[in-house]
Amino acid sequence: MADPGSQAGSEYPADPRPLIRGGDILILLLAAGLVGASFGAFWGPRGEGETALVTVDRSVIRELSLDQDGVFEIEGRIGLSTVMVDGGRVRFLDSPCPGRYCVHSGWLHRSGEVAACLPNGIVVEVLGGEREFDAINL
Amino acid sequence: MSASGQIGVDHARAACGRDDRLVAGFAALAIAIHILEAAFPSPLPGVKPGLANVITLIVYLRHGLRLAVWVAAMRVLVGSLLVGTFLSPTFLLSVTGAVAALSALALVGTIGGQRIGPVGLSVVSSLAHMSGQISVAYLLFIPHPALLKLVPVLLTAALLFGVVSGLIAASVLQILRRREAAR
């Protein structure tokens, strides 16, 4: 019933404008760029750990830089534990405890990761960068 | 709802209640859409199509910012009363979203003029709506980095739904224009 061409003088142009205009495409491109950038900004690489904090019976013994490789002996409650730093990672090499749970914790490199030798009272925690969660409860 | 049928009727132009009836009619439509959407479960908290914004956009493009603000305000207020979220955190988020979306609409609509159509405006206001809500949710309710991990997903959803809403609004505006041209 409608003949758009017959009413050129109406408030709206008789010729129906396209659904998507030039400015819209520009906005769509900008918006897509923004949304894409948000993936990079919020899902980007997490901060790797920078140092390893070694505590014995809750008092800080030393802070090992993860940049400097080496093997360190830590005096604990029941003996010497060996902690190794290698290529930005840290782990227990050996410990005088029965279960060796600390050794089995393996390499730690992300901020917030922890290995503990409870019998010897030694805790190694990676610090620096952005902390990750160890649990999320919704 | 019948007030929406009065659009463009000349004798109504003289009556001082014309704007009121336009607002009432459009707000009723927006509220109905708002409540229908609230009834559907959402795959992700905070994500819903926001089709009620189609109404805001149409009112903005046909009747200007003032009426669009009125319609959005009525929708947020009455919608929250009917859904049962009045003065809850959801309500505050709703208000924030509406304010952000209308601000973006006014800003880009003024700068862009005729070069930007409903789709561009819809995308801009949708992203502003979502960004405003995320900011308030993060600053006031959940100041936890986990929320920020959701930002890309939420913005992607806002972009997609913004395009869809914009296309719907553009089609409706075309239909309305043709109807008026035929009259």
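Student: What do E1(A) and E2(A) form, and how many residues lie between them?

Tutor: In this predicted model, E1(A) and E2(A) make a hairpin with two residues between them. Asp57(A), in the turn, has a positive phi of about 50°.

Student: How many bridges join those two strands?

Tutor: Strand E1 (residues 51-56) and strand E2 (residues 59-65) of chain A are joined by six bridges and run antiparallel. Within this pairing, Leu53(A) has Glu63(A) in E2(A) as its bridge partner.

Student: What holds strands together in general?

Tutor: Strands of a sheet pair through backbone hydrogen bonds, in either a parallel or an antiparallel way.

Student: Which order do the strands of the open sheet in chain A have?

Tutor: The order is E3-E4-E5, in an open sheet of three strands with antiparallel pairing. Strand E3 (70-75) and strand E5 (89-94) are at the edges and have a single partner strand each, so one side of each lacks a neighbour in the sheet. From one strand to the next, the twist averages 30°.

Student: And over how many bridges do E4(A) and E5(A) pair?

Tutor: Strand E4 (residues 80-86) of chain A pairs with E5(A) over five bridges, in the antiparallel sense. Asp86(A) is opposite Arg89(A), which belongs to E5(A).

Student: Changing topic: how many residues does each chain bring to the contact?

Tutor: Chain A contributes 26 residues and chain B contributes 27 residues. On the side of chain A that touches chain B, 17 residues are nonpolar, five are polar and four are charged.

Student: Now chain B. Is H3(B) mostly covered or uncovered?

Tutor: H3(B) is mostly covered, with nine of its twelve residues buried. Among them are Ala52(B), Ile55(B) and Tyr60(B). The buried residues pack against H2, helix H4 (65-83), helix H5 (89-112), H6 and helix H8 (151-182) of chain B.

Student: What span should H3(B) have, and what comes after the helix?

Tutor: Helix H3 (residues 52-63) should span 16 Å at 1.5 Å a residue, and its end C-alpha atoms are 17 Å apart, which agrees. Gly64(B) follows H3(B) and has a positive phi, near 95°.

Student: Why is H6(B) described as largely enclosed?

Tutor: The description holds because 17 of the 24 residues of H6(B) are buried. Helix H6 (residues 118-141) reaches 33 Å from its first C-alpha to its last, close to the 34 Å expected.

Student: Lastly, where is Ala24(B) found?

Tutor: Ala24(B) is in helix H2 (residues 18-39) of chain B. Ala24(B) and Val71(B) are 47 residues apart in sequence, with 7.5 Å between their C-alpha atoms.

Conventions
Residues are numbered from 1 along each chain as its sequence is written. Chains are lettered from A and ligands numbered from 1 in the order in which they are written. This is a predicted model: local features need pLDDT of at least 70, side-chain atom pairs count only at pLDDT 80 or more; totals for chains, interfaces and linings use all residues. Helices (H or I, at least four residues) and strands (E, at least two) are DSSP runs, numbered from the N terminus. The expected span of a helix is 1.5 Å times one less than its number of residues. A residue is buried if 20 or more other C-beta atoms lie within 10 Å of its own, exposed if 12 or fewer, and partly exposed in between; C-beta atoms are placed from the backbone. Two residues are in contact if their C-beta atoms, placed from the backbone, lie within 7 Å. Ala, Val, Leu, Ile, Met, Phe, Trp, Tyr, Cys and Pro count as nonpolar, Asp, Glu, Lys and Arg as charged, and the others, Gly among them, as polar. Two strands pair if DSSP finds at least two bridges between them. Axes are lines fitted to C-alpha atoms, for helices over the stretch in contact, and angles run from 0 to 180 degrees between N-to-C directions.
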